[in-house]
Amino acid sequence: MRVTYSLAALAGVTLGRPSPEPRSLAPRAVAYVDSETGFTFAETKAAATLSNNIVYRIAVPANVPANSNYDVVIQVVAPNSLGWVGLAWGGSMIKNPLTVAYPNGQKPTVSSRWATGATYTALTAGNKSNGTHWQYTVKCTGCTTYTGSSGGITRISPTGTTRFGYACASGKVSNPSSTTATIPTHDVYNYVSHDFSAGQNANFAALLLKNGVTDESGSANATQAFE
Ligand code: HEM
């Protein structure tokens with residue numbers, strides 16, 4: 001009884017003290033397994049307001065060979081207060097693929113606003129909206145390899161951490177079924193670090209097929225040689 005009392009007191013003291021370890025701002029990989037599509041995503045939350053997040057999830061093929069292009073599956077969940085949300089793959093507004101999406105009835109519209117070559121294919125599952133949020137799930141070809149501001153090829157590591165830019169607006173898009181609709185300027189832009197390592201999928205191509213999307217490269221990992 002005495003021992004129990006002492007341990008409890010010690011635990012209380014320990015909890016009450018600040019942690020002696022330095023706090024690290026390094027991103028942590030957070031895995032999210034989506035039961036609807038079967039993909040394992042690395043998840044990053046980006047603040048849209050003080051009380052609302054945009055959730056960005058990215059799934060990649062496991063074991064992408066070095067210097068190869070690879071497709072990704074992006075899943076984004078946004079609060080209904082937002083009229084559009086965008087992801088800047090290279091971490092700035094210009095000279096990198098911008099994935100822009102807005103609600104459009106039950107199934108959001110997703111389009112590319114910079115960089116030739118980034119294309120999107122909606123999965124048969126994971127595109128929806130309800131009373132509080134809208135969500136899209138698409139395959140992107142061309143989001144992770146692009147010609148950057150220096151004119152050289154930038155290839156985002158499928159296993160590393162990269163800095164994304166993101167932006168959003170509360171203003172609605174007036175013709176949301178169009179992939180070229182005019183969007184109002186963002187109310188908010190900011191940056192997040194996204195760690196791809198938690199979103200590795202050994203069965204990437206099979207999962208795409210399960211969700212109605214063909215793996216164009218025909219390989220198990222949906223990769224293509226670029227050069
Ligand atoms: C309606 C179209 C848009 C307009 C008129 C616009 C305008 C601007 C302006 C004027 C700035 C500079 C702000 C400053 O210096 O304080 C900026 C910055 C930024 N915008 Fe946009 N923007 C648009 C769409 C987008 C989209 C679709 C994204 C997608 C993510 C985006 C992401 C960013 C980011 C990340 C920055 C920070 C600066 C940087 O790192 O490059 N913008 N925008």
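In this predicted model, the iron atom of the ligand has two protein donors, Met-93 (SD) and His-186 (NE2), lying 1.9 Å from it; donors are N, O and S atoms within 2.8 Å of the metal (3.2 Å for Na, K and Ca), and since water is not among the atoms, sites may look incomplete. The site is octahedral, with angles of 86 to 179 degrees among its six donor atoms; six donors count as octahedral if opposite donors are over 155 degrees apart and all others between 65 and 115. Met-93 belongs to the loop between S6 and S7 and His-186 to the loop between S14 and S15, so the pair ties together parts that are 93 residues apart in sequence. Strands are DSSP runs (E, at least two residues), numbered from the N terminus.

Local features need pLDDT of at least 70 and side-chain atom pairs count only at pLDDT 80 or more, whereas totals for chains, interfaces and linings use all residues. Residues are numbered from 1 along each chain as its sequence is written, and side-chain values use heavy atoms, with hydrogens and water left out.

An open sheet is formed by five strands in the order S8-S7-S6-S14-S15, with antiparallel pairing; two strands pair if DSSP finds at least two bridges between them. The edge strands, S8 (109-112) and S15, each pair on one side only. S7 and S8 are joined by four bridges, and Ala-101 has Val-110 in S8 as its bridge partner.

The lining of the largest pocket divides into twelve nonpolar, seven polar and one charged residue; nonpolar covers Ala, Val, Leu, Ile, Met, Phe, Trp, Tyr, Cys and Pro, charged covers Asp, Glu, Lys and Arg, and the others, Gly among them, are polar. A pocket is an open set of points on a 1 Å grid over the protein atoms alone, where a 1.4 Å probe fits, with protein on both sides within 12 Å along at least five of seven lines, and lining residues have an atom within 4 Å of a point.

How values were computed:
Four donors count as tetrahedral if all angles lie between 85 and 135 degrees; four count as square planar and six as octahedral if opposite donors are over 155 degrees apart and all others between 65 and 115; anything else is irregular.
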